[in-house]
Amino acid sequence: MDSSAISPLMPEGSASTAGATPFLELSGIHKRFAGVHALRGVSTTIEAGQIYHLMGENGSGKSTLIKIISGAQPADEGSILIDGREVTSLTPLGALSAGIETVYQDLSLLPNLTVTENISLSQQLVEAKGRLSSQIDRSRLDATAVKALEAVNLPTDPGFRSLLVEELPIATRQLVAIARAIAVKAKLVIMDEPTSALTKREVDNLIDVVGQLRESGVAVLFVTHKLDESKSIGGHFIILRDGELVKEGDIQDHEKDELSFWMTGRHLDASRYRRADIGAPGLLEVKDLRRRRDFADVSFSLAKGEILGIAGLLDSGRNELARALAGVTPADGGEIRVDGKAVALRQPVDAIDAGIGYVPEDRLSEGLFLEKPISANIVVQILDRIRNRLGMINVGESRKLSEAIAEQLHIVAADLKNPVQSLSGGNQQRVLIGRGLATQPKLFVLHGPTVGVDVGSKDTIFRIIQKLAGEGMGVIIVSDDLPELLQNCDRIMVMRKGRIAETFDAEEVDEDMLYHALASAEPSEAGVAEAGS
Amino acid sequence: MSDFVWTNSTSEDQASMKRIGRWLIRNPPVFTLILIVLVSVTIGAIAPEFWQVSNIFDMARASVVTGLFGLGFLVILAAGGIDLSFTAIAALMMYWITTAVAASAPWMPMPVILVIAALGGTIIGIGNGLLVHYLRAPALIVTIGTSYVIRGFLLTFIGTELFVNIPLPIEEFGKFELWRVQTDTGSIAILPAYVLMLVAAAVVTWWILNRTLMGRAIFAIGGNTSIAERLGYDARKVQVFVFAFSGFLAGIAGMLHVSANRIANPFDLVGTELTVIAAVVLGGARITGGGGSVLGTILGVVLITLVNNVLILAGIPSTWQTFVVGCFIVLAGAVFGTRKSA
Amino acid sequence: MDRQLNFLVALNALVLVAAVAIAGQNFINIYNLQSMATQIPELGLLAIGVTLAMISGNGGIDLSGIAVANLAGIVSALLVPMMVSPDELPMAYAFVFAGVCLVVGLACGLVNGLLISRAGLTPIIATLGTSLAFTGVSVVLTNGSGVRLGYIEPLDNFIHTPILGVPICFAVFLGIAIAIGASLRFAPFGMRLYMLGSNAKAARFAGFNQKRLLMTAYTLSSVLASVAGFIIAARISSVKWDYGTSYVLIAILIAVMAGVRPTGGYGKITCVVLSASALQMLSSMFNFLNISNFFRDFAWGLLLLIFLAVSRFDFRTLLSPQTKPGG
Amino acid sequence: AADDVQITTVVKLAGETWFTRMDEGVVQYGEETDGVTTNEIGPGKADAAQQVRLIEDLIAKNVDAIAVVPFDPPMLEGVLKRAMDRGIKVMTHEADNLKNTQVDMEAFDNAAFGAHFNDQLADCMGKKGTWTSFVGSLGSLTHVQWADASAANAAEKYPDMKLVSPKNESFNDANTAYNKTKELLKKYPDLKGIQGGSAVDPIGIGRALEEAGLVGKICVYGIGMPNDTSRYLKSGAVTGISLWDPKDAGFVMNKIAKMLIDGEEFTDGMDLGVPGYTNMKLKKGPGKGIIVTGQAWIDVNKDNLDKYDF
Ligand SMILES: Nc1ncnc2c1ncn2[C@@H]1O[C@H](COP(=O)(O)OP(=O)(O)OP(=O)(O)O)[C@@H](O)[C@H]1O
Ligand SMILES: Nc1ncnc2c1ncn2[C@@H]1O[C@H](COP(=O)(O)OP(=O)(O)OP(=O)(O)O)[C@@H](O)[C@H]1O
Ligand SMILES: [Mg+2]
Ligand SMILES: [Mg+2]
């Protein structure tokens with residue numbers, strides 16, 4: 001993305017508002033939870049037609065701040081001014097009617113309602129001031145939806161509009177959520193990590209739409225961990241650290257390492273970690289692996305101590321391939337050999353038995369048992385190995401093991417008996433890696449290992465990956481975070497349309513080349529549907 | 001942009017299969033209707049008396065109370081809750097009001113009595129809703145609690161005896177005829193006017209669910225409470241409303257029960273909850289909340305009434321009744337089983 | 001979450017003291033204690049079944065317990081006399097009776113388990129349906145009447161002859177409760193079940209055999225119900241399809257009072273046993289005081305609501321000031 | 001007083017009209033008799049399990065005597081045996097198949113009562129036509145005995161009476177009786193007579209006939225409570241009811257229990273001092289106990305209805 005495409009400085013639109021009162025003014029916002037002082041006097045302003053990036057480490061208070069702005073949680077102290085007027089006790093409805101639309105990570109869509117209803121109901125709810133006894137204006141509902149859908153380049157026919165949101169793919173839902181923001185004529189659209197579930201191309205489309213929003217005078221506030229993306233979008237940054245606003249400014253004026261220094265308070269090395277030290281080949285041999293409608297003709301191999309990256313767009317089959325290697329959604333055909341031995345991965349436990357560890361993509365829903373103890377989360381896959389003669393879990397061994405893992409992975413926790421939800425995102429991710437590690441795998445499939453993890457934690461996780469590879473483990477990283485792949489891998493495979501399109505030596509490729517390879521239309525248009533069947 | 005467009009990339013055949021499948025899933029009453037037709041045709045073939053007008057009238061009459069309960073339960077279910085207390089509310093209203101009216105105001109006209117019963121039911125319903133909201137416990141558990149309390153209150157403090165001295169207006173209301181047919185055997189078949197109450201309740205429920213913001217809010221809360229709250233829907237209002245509405249209908253159902261039966265038995269009604277739940281589920285409502293329709297519920301009620309009322313006609317020993325209903329529920333569960341594979 | 005345990009222990013003690021104070025010494029004479037002990041197992045077993053279903057999550061519940069118990073008793077009562085004569089070989093009769101009960105429980109449990117784990121039915125629907133279906137089978141088999149077993153000494157001894165002061169059936173119940181409690185707490189099965197209940201998707205990704213876990217939980221629940229069926233048959237020496245129609249709700253009440261989380265992932269058998277005993281003592285106390293059964297229902301409901309309300313507040317500070325938050 | 005002997009009467013279902021009336025007799029006996037405290041309890045739901053539990057607790061409480069009207073007699077065998085083992089006196093009512101009881105009291109001979117129904121019905125129907133019978137449930141022993149005796153009586157004396165669909169279960173619920181009657185009318189349009197089983201059956205049957213415009217065209221007899229059934233008796237939808245007064249039964253039950261406590265002897269033809277129970281027939285029961293039978297039935301119809309206020 002060329003940063004000049006969307007200029008951070010508003011030539012005309014902002015001129016009218018620049019001198020006037022800003023849309024939103026926060027001053028001295030404090031928020032405390034039991035034992036945590038999540039926000040410590042945050043003050044900032046949001047102006048119409050501007051783009052903002054709210055950044056900070058896990059637990060720095062980003063989500064809390066946007067919850068306060070959107071009325072989901074009250075602030076303990078401080079004042080909020082909207083259009084120059086102070087608002088006391090902001091409710092979700094109040095925020096909405098003031099023109100603040102928030103797209104949380106789950107997109108805040110109602111799965112069992114139709115596209116039309118999801119887009120247009122909010123508008124009527126706001127107009128009715130939340131009075132539920134009001135009647136719905138059906139025809140206006142449709143008209144609003146059509147206009148909003150047009151604006152985000154989605155189909156407008158009744159067939160599409162009457163689909164339930166739960167029937168839509170994730171990228172489409174994202175656009176529906178934005179369409180809703182358009183429908184309520186939002187003045188500020190907040191998006192909490194909107195791109196973590198999207199691929200590059202979908203992100204580009206999103207950015208397009210956001211650009212249009214901004215041009216029509218809407219302010220956009222992103223919460224994000226992706227510095228590169230933020231830089232390519234442009235705009236202002238707001239950095240939180242430990243609940244304090246440490247820095248704000250124009251994102252183009254500062255380098256990435258500067259930004260991450262403000263976030264973490266330390267300097268991080270962004271150069272390539274990898275000291276290629278590849279061992280014996282043939283740890284993993286994959287041949288002609290296929291899964292109907294998802295991928296086909298996938299063949300590759302992995303050596304001991306090698307780190308292989310798999311990149312691809314969301315519909316490229318990379319996620320399905322990763323899950324097939326983990327036995328979660330098994331392949332239909334082809335061959336997988338580990339250490340020369342053919343293995344059939346029909347369910348996750350087969351993969352574990354074959355020595356394949358897996359860290360799922362979505363740690364909250366697919367990975368962690370949030371209210372269960374950290375230690376239980378770590379040993380949960382090896383329960384059969386730590387049984388005593390009575391068939392019961394050996395408590396002592398379980399504790400020893402999880403303590404060892406926590407130490408090895410620098411998991412910072414007061415007590416391993418605490419529920420895993422008491423940890424920050426980065427630590428939670430390390431618990432997941434630790435769980436995989438506990439199975440003593442020969443190779444590790446890391447599926448989006450640093451999604452939603454801040455730069456500081458990312459660094460720690462990268463070091464862990466390198467160390468594991470150094471000890472002879474094979475690692476596969478499936479990710480759409482290209483810098484992450486470039487920083488860590490020996491080879492990078494790019495998937496397109498369910499096939500492996502190209503394979504690069506990581507030393508000889510850069511981000512641009514990878515982007516190009518991802519988005520290219522070649523080669524086979526033949527589609528996987530028939531190839532797989 | 002084409003990647004963001006919802007496309008159906010499967011072949012023609014699969015597409016149409018998928019469409020039919022999705023259509024069925026989105027229109028569960030069709031399945032209920034099929035079952036009704038199947039049962040009717042089978043029984044009609046075995047016992048031609050089935051098609052008598054009087055039988056149809058009897059079915060309609062027998063559907064009223066279950067239907068009112070079912071509509072109330074549907075609305076609660078759509079909002080993601082479950083209610084086990086509606087029969088207790090109905091029994092309390094029925095018995096309390098009937099005995100009180102008989103004792104002190106036997107002249108009171110039925111519309112007034114109905115309004116009082118509906119109000120009483122609504123008040124208890126509001127209590128239910130507030131408890132469910134503020135105790136933050138599953139509605140199933142809370143309403144088990146309130147049903148014990150309500151019923152215990154009725155039987156401890158109001159009375160336990162069969163009451164037959166029904167005030168005239170109540171009795172007259174139940175006798176009011178909509179339609180009378182003379183059968184060839186010399187007996188008469190009457191369609192009582194109170195079946196219109198069910199029709200009216202169905203229309204009102206449909207209107208609320210589909211034409212008001214409350215209706216959408218109910219489905220929103222039932223689909224995902226925390227998201228709906230974030231979007232500005234007031235979960236407390238919705239919860240209080242659905243329980244109040246269910247109580248409202250239960251109060252009316254209780255009075256209709258007395259009116260139709262001309263006796264007030266405080267032990268009546270309680271125990272029919274599972275039948276009502278079965279009816280609503282057979283009508284295709286999602287037991288997990290956020291789905292369901294008025295039409296489906298009415299069809300479900302008809303199906304249950306059918307099974308409960310025609311076994312003697314078909315020459316099936318009534319001992320089979322429970323078994324048949326159980327199997328239907330399992331079948332419905334399997335057909336509508338929308339439990340997402342985790 | 002040990003406060004649940006503290007609370008229940010306190011509740012038991014409170015009820016006991018209150019009962020002795022109001023109803024007199026007779027309440028704690030050995031006969032009444034034994035009598036209460038013989039009454040706990042049937043409801044206790046059903047409540048443990050409900051607990052297992054609830055722990056497994058995803059709206060887990062088992063409404064079919066008493067239906068399974070009655071069916072097990074009825075099938076045995078009809079079948080076993082054809083195989084073994086109760087007069088000539090009473091001991092063999094008792095064992096075959098128990099065996100047939102368990103087999104029926106197992107079969108019913110497999111039906112429930114299959115419907116829920118394989119056919120993907122919501123537990124509440126599946127068990128509502130099967131509970132009617134099982135009851136229906138019972139009705140059809142007996143034509144709606146009760147079946148009398150007559151006096152069979154080993155069966156009667158099983159319920160009423162105490163060993164070291166403890167009725168055998170209660171000892172068996174405790175044994176079962178301990179075994180299940182231990183396997184929930186210490187065996188991989190239990191840990192997996194809790195995990196499944198707290199996040200089903202993560203459980204699948206972590207390689208649990210979800211279907212087998214659900215299958216096991218629901219089958220176990222029905223097998224426990226069939227044990228309850230055996231105890232019922234032995235206790236009242238007859239069986240009938242509509243015995244204990246009120247048990248469905250009471251079993252849920254016991255589980256909820258025990259702090260079992262209806263949304264899954266949490267529940268302790270110790271608490272379930274204590275909750276069952278508290279309810280039993282309360283119920284006996286009311287009977288001692290000639291308090292009407294209707295008032296008892298009223299009190300039950302109120303108790304449940306009060307308990308739900310109380311559990312909304314943090315009692316840790318009151319009960320055990322030292323307990324660390326989150327511990 | 002505290003050292004009174006305690007007699008507790010356990011009924012099928014607390015609060016039901018029938019048993020509320022019985023309670024009057026129970027209370028009256030306690031008040032009239034020195035040294036005796038009486039009370040009546042019953043489960044809140046018609047559920048054998050709860051009745052068993054109530055008796056368990058009475059045993060623990062160690063009352064002196066228990067008088068039971070079993071919901072389902074065989075279900076109580078075990079618990080009543082235990083009561084007797086503990087030295088508690090046990091008497092029952094409406095349970096002449098129960099083994100574990102010392103005395104079972106029947107208000108009258110059930111077979112004769114059933115035959116009496118049938119004779120009345122035959123009279124009304126002109127000794128011919130289709131008829132049917134109800135029972136509370138197939139488990140209710142006396143109901144089944146009446147229905148069977150009545151059928152036997154008809155088979156013997158009235159060859160032109162045709163019994164169809166015998167022993168329909170009303171589950172002691174007037175509405176079920178109502179619905180079943182309507183179904184029966186559809187199935188058997190030529191129905192001429194109906195015999196009720198449980199005390200609420202005539203109410204349901206009467207309403208069904210009123211609605212179908214068949215009042216006076218079909219004869220209805222059964223047991224019932226005068227007040228509950230009065231309107232249908234007056235309208236003619238129910239031809240007549242027969243019953244025994246639960247109040248007297250309650251009184252007599254407690255009197256028998258007291259006799260057991262005092263170790264008095266039961267003799268054939270003894271007089272219990274209540275009309276209808278003045279010449280008790282005595283016979284051996286199925287177990288070790290005895291069955292004592294009175295002649296306490298009364299027939300109520302439109303004409304003598306005013307004499308009974310309960
Ligand atoms: N509801 C809550 N109760 C208690 N503590 C909370 C709650 N919500 C947030 N916190 C705490 O407040 C702090 C700020 O959390 P917040 O969610 O705002 O961080 P964040 O910047 O969004 O982190 P991430 O990058 O992981 O999204 C953290 O320490 C967190 O543990
Ligand atoms: N109710 C809560 N009680 C305690 N801590 C909480 C609560 N809600 C959130 N937190 C903590 O706040 C932090 C941020 O939570 P949040 O919900 O924002 O997830 P997240 O870290 O942002 O995940 P992601 O980075 O993937 O978006 C986490 O450390 C989490 O444990
Ligand atoms: Mg956050
Ligand atoms: Mg976040």
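## Charges over rings

In chain D, the charged end of D:Arg231 is placed over the ring of D:Tyr232, at 5.0 Å from the ring centre. The model is a predicted one. A second case involves two chains: the charged end of B:Arg230 sits over the ring of A:Tyr104, and the distance to the ring centre is 4.3 Å.

Rings of Phe, Tyr and Trp are paired if their centres lie within 6.5 Å. By this rule there are 33 aromatic pairs over all chains. One of them is formed by A:Phe237 and A:Trp262, with ring centres 5.9 Å apart and planes at 20°, so the pair is stacked. A:Phe237 belongs to strand β9 (residues 236-241) of chain A and A:Trp262 to helix α10 (residues 256-264) of chain A; the pair therefore ties together parts that are 25 residues apart in sequence. Both A:Phe237 and A:Trp262 are buried.

Another pair is found in chain C. The ring centres of C:Phe97 and C:Phe230 are 6.0 Å apart and the planes are at 50°, so this pair is tilted. C:Phe97 lies in helix α4 (residues 90-118) of chain C and C:Phe230 in helix α10 (residues 210-236) of chain C, so that distant parts of the chain, 133 residues apart, are linked. C:Phe97 is buried, as is C:Phe230.

## Annotated spans of chain C

The unreviewed UniProt entry gives the annotation "transmembrane region" for several spans of chain C, including residues 39-56, 63-84, 90-112 and 213-237. In the model, residues 39-56 of chain C are 94% helix and 0% strand, with the end C-alpha atoms 27 Å apart. For residues 63-84 of chain C the figures are 86% helix and 0% strand, and the end C-alpha atoms lie 33 Å apart.

## Surroundings of C:Ser226

C:Ser226 is part of helix α10 of chain C. With a relative accessible area of 0%, C:Ser226 is buried. Leaving aside neighbours within four places in sequence, C:Ser226 is in contact with C:Val68, C:Ala72, C:Cys101, C:Leu102 and C:Gly105. A polar atom of the C:Ser226 side chain lies 3.5 Å from the backbone oxygen of C:Cys101.

C:Cys101 is likewise buried, at a relative accessible area of 0%. Which cysteine has the sulfur closest to that of C:Cys101? This is C:Cys108, with its sulfur 11 Å away, too far for a bond.

## Cysteines and the disulfide

How many disulfides does a search of the whole structure find over all chains? The search finds one, and this disulfide joins D:Cys124 to D:Cys219 with an S to S distance of 2.1 Å. The torsion about the S-S bond is about -80°, so the disulfide is left-handed. D:Cys124 lies in helix α4 (residues 110-125) of chain D and D:Cys219 in strand β10 (residues 219-223) of chain D; the pair therefore ties together parts that are 95 residues apart in sequence.

The two ends fall into separate accessibility classes. D:Cys124 has a relative accessible area of 33% and is partly exposed, whereas D:Cys219, at 7%, is buried. In chain A, A:Cys489 counts as buried, with 0% relative accessibility.

Methods
Residues are numbered from 1 along each chain as its sequence is written. Chains are lettered from A and ligands numbered from 1 in the order in which they are written. This is a predicted model: local features need pLDDT of at least 70, side-chain atom pairs count only at pLDDT 80 or more; totals for chains, interfaces and linings use all residues. Side-chain values use heavy atoms; hydrogens and water are left out. Rings of Phe, Tyr and Trp (its six-membered ring) pair if their centres lie within 6.5 Å; planes under 30 degrees apart count as stacked, over 60 as edge-to-face and the rest as tilted. Helices (H or I, at least four residues) and strands (E, at least two) are DSSP runs, numbered from the N terminus. Buried means under 20% relative accessible area, exposed over 50%, partly exposed in between (1.4 Å probe, protein chains only). A charge sits over a ring if NZ of Lys or CZ of Arg is within 6 Å of the ring centre and within 35 degrees of the ring normal. UniProt positions are given in the numbering used here, feature names are shortened, and annotations may be inferred rather than shown by experiment. A disulfide is a pair of cysteine sulfur atoms within 2.5 Å. A polar contact is a pair of N or O atoms within 3.5 Å; within protein, one must be able to donate a hydrogen and the other to accept it, and residues adjacent in sequence count only if both atoms are side-chain atoms. Contact means heavy atoms within 4.5 Å.
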